[in-house]
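Grab a pencil and work through these exercises on helix packing and pockets. Each task comes with a solution that goes step by step.

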Amino acid sequence: ATAATVMGAVSPLTSHLYTWAMSDGVATAWCTAAVYLARKSAKDARYAALSGLALGVAVLVRPTDVLVIPAIVVAMRWTRASALWLLLGAAPAVIGLALYHTILFGSPFHTGYGDMGPFFACDYFWPRVIHFGRWLGRFWTPLAPVLFLAVVPRALRRDRRALTLLVWFGTFVGFYAFYRFSNEAWWYLRFIMPALPAFLLGAVCEARLAALWVASRWPATPRLRRAGAVALVLAGLLAVGSALRWVRHYSVLELGRGEKAYPRGIAWMERHVEPDAVIV
């Protein structure tokens with residue numbers, strides 16, 4: 001858990017999207033909370049209400065965060081009580097958003113984005129999937145995508161944790177792979193950012209399971225245990241180092257300097273433009 005958190009924290013996406021005033025980082029936090037609390041509801045159904053609340057806030061932040069619902073469905077242990085708590089938790093945000101859209105756009109299913117249909121096509125799929133895979137491999141080394149692929153056979157064997165991670169990541173990737181703008185730039189991985197916690201957790205979980213598999217087939221001598229621990233630590237440090245290299249390459253931590261143009265422009269207008277003037 002600590003390794004996945006550190007790997008996520010040092011990525012260029014994290015630095016970039018918490019420097020700019022954009023919704024993707026906030027959406028990631030609420031989607032993660034929704035899945036985590038859904039898992040917790042297996043022990044106490046009341047956690048499902050908090051999961052529903054987190055889901056509702058995630059959708060308020062960015063409507064396409066409804067894509068996290070399949071992961072919640074898999075993560076929860078469904079009972080009548082947990083289903084009721086989930087609905088109660090999500091209801092305020094769902095009702096509020098439906099009213100908001102109805103008042104502004106005439107229907108609870110219409111948004112300010114308008115008709116997005118023309119921006120989705122099957123021809124976009126493979127170029128976007130390759131784009132996602134290339135940049136995930138660059139950020140955290142090619143070992144991370146390879147390790148995550150090992151989640152698939154365990155998910156097919158109905159391992160609930162593996163299935164949750166696969167559905168969580170796969171739903172976002174599957175949706176945005178058909179979207180025209182998903183491969184415009186490296187930081188357009190922001191669209192799948194709410195699913196990156198699943199990607200990182202899956203990769204580190206598989207690394208741990210691989211280490212346990214190796215240990216079970218060779219004598220567990222102190223020297224071998226130390227070598228295995230060193231190998232895991234080096235792999236983690238390599239992933240962190242790769243992420244930091246791209247942070248430096250794109251000068252992500254300097255983005256704030258460029259953003260200063262906006263408050264400076266506003267300050268100039270406040271000094272030189274009449275209060276009721278129209279700005280073009």
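**Exercise 1.** Work out how the lining of the second largest pocket divides by class, and which helix gives the most to it.

*Solution.* Start with the classes: the lining has 19 nonpolar, seven polar and four charged residues. Here Ala, Val, Leu, Ile, Met, Phe, Trp, Tyr, Cys and Pro count as nonpolar, Asp, Glu, Lys and Arg as charged, and the others, Gly among them, as polar. Before going on, note that this is a predicted model, where local features need pLDDT of at least 70 and side-chain atom pairs count only at pLDDT 80 or more, while totals for chains, interfaces and linings use all residues. Residues are numbered from 1 along each chain as its sequence is written, and side-chain values use heavy atoms, with hydrogens and water left out.

Next, the space: the second largest pocket holds about 750 Å³, a volume being the space filled by probe spheres set on grid points joined across faces, edges and corners. A pocket is an open set of points on a 1 Å grid over the protein atoms alone, where a 1.4 Å probe fits, with protein on both sides within 12 Å along at least five of seven lines; lining residues have an atom within 4 Å of a point.

Of its 30 lining residues, Ala4, Thr32, Trp168, Pro197 and Leu201 lie nearest the centre. Last, the helix: H11 gives the most, with eight residues. (Helices are DSSP runs of H or I, at least four residues, numbered from the N terminus.)

**Exercise 2.** Find how H3 and H10 run relative to each other, and which residues make the contact.

*Solution.* Begin with the geometry: H3 (residues 24–40) and H10 (residues 160–176) pack at about 155 degrees, axes 12 Å apart. Because of that angle, H3 is roughly antiparallel to H10 (the term covers angles over 145 degrees). Axes are lines fitted to C-alpha atoms over the stretch in contact, and angles run from 0 to 180 degrees between N-to-C directions.

Then list the contact (heavy atoms within 4.5 Å): H3 brings Cys31, Thr32, Val35 and Arg39, and H10 brings Arg160, Arg161, Thr164, Trp168 and Phe172. By class, that is four nonpolar, two polar and three charged residues.

**Exercise 3.** Say what lines the largest pocket, and which helix has the largest share.

*Solution.* First, the space comes to about 890 Å³. There are 35 lining residues, with Val59, Arg62, Pro63, Thr64 and Val66 nearest the centre. H6 has the largest share, eight residues. Finish with the classes: 25 nonpolar, seven polar and three charged.

Conventions. Helix = DSSP H or I, 4+ residues; strand = E, 2+ residues; numbered from the N terminus. Parallel < 35°, antiparallel > 145°, perpendicular 65-115°, else oblique.
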